Amino acid sequence: MKNIIESIRKQYPVSDLTIKELESYLTPCSFSKRYQLIKEGIYCKYAYFIEKGILRAYWVVDGEEYTTSFGAEGCIVFSMDELYYNKKSEEYVETLEEVEAYRINISDLKNLMETNLELCNWGRIIHQNEYRRLHRSHKERLSLPAKERYEEFQKQFPEICKKVNLKYIASYLGITLSTLSRLRSKKP
């Protein structure tokens, strides 16, 4: 749980006692490449703390996949629809390589965030950061040319750029695969 604990504490100063309480609810699990952790239209029941590996979230619209975000070591992944609105997920989350994770029942996570002030504050911080990322991403898609969008993406997700299929990055950036390939070939 080294990467997970480090990530949690990087975002909010959580005590050893709180980490132990969280760990008591976690179950280790692993997933092969291209495994769907979360599926549209289905209750997932779990949130996943990612110790190792990369994944992506996406929507399917008219049969086409649109990547909405990426996750890597130290992140938490869950269906916001389920956690906050008791609704089935509206998106998919898929592993892009082998993933080592720890799962927690959504109801247990919700209870911990309601009863443990440190986890509540950590949850608030991760949501603030995600909202900011989404807001910035939306603004960039509306206002920046493709080259600058890709440069910003590289700054935000340097490891993702090295490991992820280019079609997922192009989808996230809202550009074609051929445009992304041209941008990458022009790098000095």
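Guide: What follows starts with the whole chain, moves through its strands and then settles on the loop and the residues around it.

The model is a predicted one, and local features are described only where pLDDT is at least 70. The chain holds 9 helices and 8 strands. Its radius of gyration is 17 Å, close to the 16 Å that the globule rule gives for 188 residues, so the chain is as compact as a globular protein of that length. Along the principal axes, the C-alpha trace spans about 50 × 35 × 30 Å. Of the 188 residues, 44% count as buried, and the chain exposes about 11,000 Å², with carbon and sulfur atoms supplying 50% of that area. Among the contacts with a separation of 6 or more, 71% come from residues 24 or more positions apart. As for charge, the mean positions of the 30 positive and 27 negative charges lie 6 Å apart.

An open sheet is formed by 4 strands in the order 1-8-3-6, with antiparallel pairing. Strand 1 (27-31) and strand 6 stand at its edges, each with a single partner strand, so one side of each is left without a neighbour in the sheet. The partner of strand 1 is strand 8 (residues 99-105), and these two pair in the antiparallel sense over 5 bridges; within strand 8, V99 is the residue that stands opposite F31. Strand 4 (residues 55-61) and strand 5 (residues 64-71) also pair in the antiparallel sense, over 7 bridges, and there V60 has E65 in strand 5 as its bridge partner. The hairpin of strand 4 and strand 5 has 2 residues between the strands, and D62 takes a positive phi near 50° in it.

The loop you asked about runs between strand 2 (36-38) and strand 3 (46-52), and E40 is found in it. With a relative accessible area of 37%, E40 is partly exposed, because that value falls between the 20% limit for buried and the 50% limit for exposed. Once neighbours within four places in sequence are left aside, E40 is in contact with S89, E90, E91 and Y92. Y58 is 18 residues from E40 in sequence, and the two C-alpha atoms are 9.5 Å apart in space.

S79 is found in the loop between strand 6 (76-77) and helix 3 (80-85), and S79 is buried, with a relative accessible area of 2%.

Helix 3 itself contains M80, which is partly exposed, with a relative accessible area of 38%. Leaving aside neighbours within four places in sequence, M80 is in contact with Y85 and H127. M80 and E40 are 40 residues apart in sequence, and their C-alpha atoms are 12 Å apart in space.

Methods
Residues are numbered from 1 along each chain as its sequence is written. This is a predicted model: local features need pLDDT of at least 70, side-chain atom pairs count only at pLDDT 80 or more; totals for chains, interfaces and linings use all residues. Side-chain values use heavy atoms; hydrogens and water are left out. The radius of gyration is taken over C-alpha atoms; the globule rule is 2.2 Å times the number of residues to the power 0.38. Buried means under 20% relative accessible area, exposed over 50%, partly exposed in between (1.4 Å probe, protein chains only). Contact means heavy atoms within 4.5 Å. Accessible areas come from the Shrake-Rupley method with a 1.4 Å probe; for residues, only the protein chains shown count as cover. Lys and Arg count as positive and Asp and Glu as negative; His and the chain ends are not counted. The place of a charge is taken as NZ of Lys, CZ of Arg, CG of Asp or CD of Glu. Two strands pair if DSSP finds at least two bridges between them.
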